[in-house]
Amino acid sequence: IKFDGVLAVEPKLTEVESILRHHTLLLSNNAKALVVPSLEIKSDEAKITHASSLSTLDEEQLFYLYSRNYSHERATDILTKGFLHEVEFNNSALAE
């Protein structure tokens, strides 16, 4: 995955608040990600931040699900959906 995110704010814009976020979940040992967030802020009154994260499935969480007799496929599915739900929840909370 390659993500080149650009958030630009022109000088005439005032009272702007925004965040550029990118969260990546790597699901295999061969997966790679390059994340390059870029902010182009030309307004002194803008409040802009950026955040990115790169993670893998948590081995302890996988172990717990295995101990509850979940297959690797099902455990991976549960954790992946949890990751996606968290990202979706955080984005919807920002929109309010």
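The side chains of Lys2 and Asp4 pair in a salt bridge, 3.6 Å from N to O. A salt bridge here is a side-chain nitrogen of Lys or Arg within 4 Å of a carboxyl oxygen of Asp or Glu. The model is predicted: local features need pLDDT of at least 70, side-chain atom pairs count only at pLDDT 80 or more, and totals for chains, interfaces and linings use all residues. Residues are numbered from 1 along each chain as its sequence is written, and side-chain values use heavy atoms, leaving out hydrogens and water.

Lys2 is exposed, at 59% relative accessible area. Asp4 is partly exposed, at 48%. The cut-offs are under 20% for buried, over 50% for exposed and in between for partly exposed (1.4 Å probe, protein chains only).

The count of salt bridges is three. Asp77 meets Arg74 at 2.9 Å, N to O. Lys81 also bridges to Asp77, with the closest N and O atoms 3.3 Å apart. Shared partners join Arg74, Asp77 and Lys81 into one network. Lys81 and Asp77 both lie in helix α2, four residues apart, about one turn. Helices are DSSP runs (H or I, at least four residues), numbered from the N terminus.

The largest nonpolar core has seven residues: Leu25, Leu57, Leu62, Leu65, Ala75, Leu79 and Phe83. The most come from α2, with three. Such a core is a set of buried Ala, Val, Leu, Ile, Met, Phe, Trp, Tyr and Cys residues joined through side-chain atoms within 4.5 Å.

How values were computed: Helix = DSSP H or I, 4+ residues; strand = E, 2+ residues; numbered from the N terminus.
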